[in-house]
Amino acid sequence: MHWKTAVEDFLIHLQLARQLSPHTVLAYGRDLRHFFATLAVESPCRVQRKQLEAYLNGLKKSGIKPATVNRRLASIRQFYRHALQQGWCAQDPTELLRSRRRGRRLPVVLDEQQVSALLAAPDSATDLGLRDRALLETLYATGLRVSELAALSVHQLNLHQGFVRVERGKGGKDRLVPVGEAARHWLKAYLEQARPILLQGKETDALFVSQQGRPMTRQTIWHRIKHWALQAGIPRELISPHKLRHAFATHLLNHGADLRVVQALLGHAQLSTTEIYTHVANARLQQLHRKHHPRG
């Protein structure tokens, strides 16, 4: 079997059987196509471990971050596990191959004053500003991934009971996430005042719509976040699509939330994924102690 056919079959398996998001499936496809195209082999079953090691070493020498190298290796591992299960190949070149070691990097998190400045940056007197205020408030109130926010429909939002239903997030699981009073206020104003005008008579179930009346994409949402963050005077290194999600988790823990509750709200399958935020919260507490304690 040619590697292109095998990869396409594997991607269909990820989408249909494992119900991974389209974004994740695309990432797997990019990683695998780069791998096989670099090795210039026709059959995936002819790849030897030494070729795989040379490929990974080449990535490292080219300056690619260890996290990216590990992600590509993980994609290749999953592919070969599927290949063995399907009986395409008799051996797995990734067997006994270790991931590249990397230090655990803590996320840089916006403090509460910076978040307040970001949320207040849009001009809510305009239709786009009101939309963006509601968008930013929702991201911070719920900790959703930007891709999850872009996929939200009006039917997934229950303003009366104060929650949003996230359908098949990362890992293929639905979850209910509370929406706070402030975000509900701005969402109600957006839905009643700005969204009908932005739709321009068009019909869509998407919660957040563009100036052309179409569903907002991940890229458009990220562009708006970046725009308002710069307007609020937030340093560029603190601006990314995930920063409000990081702030959501860390600020909850700072104010006494249980770690497992935060895990459920974020939609993390493993508690260990959420635990990194406890390190961020502890680092913040240490910083405050040093600053304000007489013997800090």
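Tutor: Happy to! Keep in mind that this is a predicted model. Let's begin with helix 1 (residues 3-16) and helix 2 (residues 22-39), which pack with their axes 10 Å apart at an angle of about 165 degrees.

Student: What does that say about how helix 1 and helix 2 run relative to each other?
Tutor: An angle over 145 degrees counts as roughly antiparallel, so helix 1 and helix 2 are roughly antiparallel to each other. The crossing of helix 1 past helix 2 is right-handed.

Student: Which residues make the contact?
Tutor: From helix 1 come W3, V7, E8, F10, L11, L14 and Q15. Helix 2 brings V25, Y28, G29, L32, R33, F36 and A37. Sorted by type, the residues of this contact are ten nonpolar, two polar and two charged.

Student: OK, zooming out. How many helices and strands does the protein chain have?
Tutor: The protein chain has twelve helices and three strands. Of its 296 residues, 42% are buried.

Student: And the three strands, how are they arranged?
Tutor: They form an open sheet in the order 1-2-3, and the pairing is antiparallel. Strand 1 (157-158) and strand 3 (175-178) are the edge strands, each pairing on one side only.

Student: Which residues are on the covered face of strand 3?
Tutor: R175 and V177 are on the covered face, while L176 and P178 are on the uncovered one. In a regular strand, side chains alternate between the two faces of the sheet.

Student: Switching topic: I clicked on T138. Where is it?
Tutor: T138 sits in helix 6 (residues 127-142).

Student: Is T138 buried or exposed?
Tutor: Its relative accessible area is 3%. The cut-off for buried is under 20%, so T138 is buried. Leaving aside neighbours within four places in sequence, T138 is in contact with G143, L149, A183, L187 and F208.

Student: At what angle does helix 6 pack with helix 9?
Tutor: Helix 6 and helix 9 (residues 218-231) pack at about 95 degrees, with their axes 11 Å apart. That makes helix 6 roughly perpendicular to helix 9.

Student: Who's touching whom there?
Tutor: On the helix 6 side you'll find R131, D132, L135, L136 and L139, and on the helix 9 side I221, R224, I225 and W228. This contact has six nonpolar, no polar and three charged residues.

Student: One more! Where does P44 belong?
Tutor: P44 is in the loop between helix 2 and helix 3 (49-61). P44 is buried, with a relative accessible area of 2%.

Student: What does P44 touch?
Tutor: Not counting residues up to four places away in sequence, P44 touches M1, H2, W3, A6, F36, F79, Y80 and C89. Look at F79 in particular: P44 and F79 are 35 residues apart in sequence, and their C-alpha atoms are 9.7 Å apart in space.

Student: Thanks, now I know where to click!

How values were computed
Residues numbered from 1 in each chain as written. Predicted model: local features only at pLDDT ≥ 70, side-chain atom pairs only at ≥ 80, totals over all residues. Heavy atoms only, no water. Axes fitted to C-alpha atoms, helices over the stretch in contact; angles between N-to-C directions. Helix = DSSP H or I, 4+ residues; strand = E, 2+ residues; numbered from the N terminus. Parallel < 35°, antiparallel > 145°, perpendicular 65-115°, else oblique. Left-handed = near helix turned anticlockwise from the far one by under 90°. Contact = heavy atoms within 4.5 Å. Nonpolar A, V, L, I, M, F, W, Y, C, P; charged D, E, K, R; others polar. Buried < 20%, exposed > 50% of the residue type's maximum accessible area, 1.4 Å probe, protein only. Pairing = 2+ DSSP bridges.
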